Amino acid sequence: MSRGSRELLAIFTHLDALLRAIHQLRDAGYRDAGVFSPVPRHEVEEALARGPGPVRHFTLIGAILGATTGFVLTIATSLHYPLITGGKPIVSIPPFLVIVFELTILFGALATILGMLLNIRLPRLKLRPDYDPRFSEDRFGLWVRCEEKDFDEVRALLRGAGAEEVHRAGE
């Protein structure tokens, strides 16, 4: 967190008020926000408009690495242990494609799991200090980072959108 920024936490009773607050914050130029929700809601994801996550890049890199490993493994094995059968070439790509395909899927899946765990920051050994147990029951939380000079403006914006409580995160 930069020295001139603050984190606010607003608690909402209704989803409509939360969505209204998110849209008002985005219109005002505040993009660094997060939501605590008791249930997954697609409307919240659409309102935050984060775009596609980086996990797909992990999958692509894992798949490319798996395919490369498959080719290197099969070709190197054939060259180290040459068995000439029926006059066929030692390095023959079509039979190697089965191993390449399997390693592509395996490495891609493992990289996807790794990327997912890294991006959701698991294992999380302790909860954030601004987490409120009500977020697991019936309330929605909106976490916003703003500059020190904009603190009162953002607080008023959240109150105007229908926040039940607004306070500094961690208090």
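In the predicted model, helix α3 passes α4 in a crossing that is right-handed. Helix α3 spans residues 55-80, and its axis lies 6 Å from that of α4, at an angle of about 145°. Sorted by class, the residues in the contact of α3 with α4 comprise 18 nonpolar and 12 polar ones, with no charged residues. Ser-78 is located in helix α3. The relative accessible area of Ser-78 is 14%, which is under 20%, so the residue counts as buried. When residues up to four places away in sequence are not counted, Ser-78 touches Ile-90 and Phe-96.

On the α1 side, the contact is made by Ala-17, Arg-20, Ala-21, Gln-24, Leu-25 and Ala-28, and on the α5 side by Val-154, Leu-157, Leu-158 and Ala-161. By class, eight residues in this contact of α1 with α5 are nonpolar, one is polar and one is charged.

Arg-159 also belongs to helix α5. Its relative accessibility is 44%, and Arg-159 therefore counts as partly exposed. Apart from neighbours within four places in sequence, Arg-159 is in contact with Glu-164, Glu-165 and Val-166. Between Arg-159 and Asp-27 there are 16 Å in space, C-alpha to C-alpha, and the two are 132 residues apart in sequence.

The strands are considered next. An open sheet is formed by four strands in the order β2-β3-β1-β4, with antiparallel pairing. Strands β2 and β4 stand at the edges and each has a single partner strand, so one side of each lacks a neighbour in the sheet. From one strand to the next, the twist averages 20°. Helix α1 packs on the sheet and touches β1, β2 and β3, and the direction of α1 makes about 15° with that of β3. Helix α5 likewise packs on the sheet, where α5 touches β1, β3 and β4, and its direction makes about 10° with that of β1.

Within the sheet, strand β1 (residues 5-12) is joined to strand β3 (residues 140-147) by eight bridges, and the two run antiparallel. The bridge partner of Leu-8 in β3 is Val-144. Strand β1 also pairs with strand β4 (residues 165-168), in the antiparallel sense and over four bridges. In that pairing, Leu-9 stands opposite His-167 of β4, and Ile-11 stands opposite Glu-165 of β4. Glu-165 is also one of the residues in contact with Arg-159.

Strand β1 is mostly covered, with eight of its eight residues buried. In a regular strand, side chains alternate between the two faces of the sheet. In β1, Ser-5, Glu-7, Leu-9 and Ile-11 point one way, whereas Arg-6, Leu-8, Ala-10 and Phe-12 point the other way; all are buried.

The structure contains one aromatic pair. This pair consists of Phe-36 and Phe-135, which are stacked, with 5.1 Å centre to centre and 5° between the planes. Phe-36 lies in strand β2 (residues 33-36) and Phe-135 in the loop between α4 (93-119) and β3, so the pair ties together parts that are 99 residues apart in sequence. Phe-36 has a relative accessible area of 17% and is buried. Phe-135, at 1% relative accessibility, counts as buried as well.

Key
Residues are numbered from 1 along each chain as its sequence is written. This is a predicted model: local features need pLDDT of at least 70, side-chain atom pairs count only at pLDDT 80 or more; totals for chains, interfaces and linings use all residues. Side-chain values use heavy atoms; hydrogens and water are left out. Contact means heavy atoms within 4.5 Å. Ala, Val, Leu, Ile, Met, Phe, Trp, Tyr, Cys and Pro count as nonpolar, Asp, Glu, Lys and Arg as charged, and the others, Gly among them, as polar. Buried means under 20% relative accessible area, exposed over 50%, partly exposed in between (1.4 Å probe, protein chains only). Two strands pair if DSSP finds at least two bridges between them. Rings of Phe, Tyr and Trp (its six-membered ring) pair if their centres lie within 6.5 Å; planes under 30 degrees apart count as stacked, over 60 as edge-to-face and the rest as tilted. Axes are lines fitted to C-alpha atoms, for helices over the stretch in contact, and angles run from 0 to 180 degrees between N-to-C directions. A crossing is left-handed if the near helix is turned anticlockwise from the far one by less than a right angle, and right-handed if clockwise.
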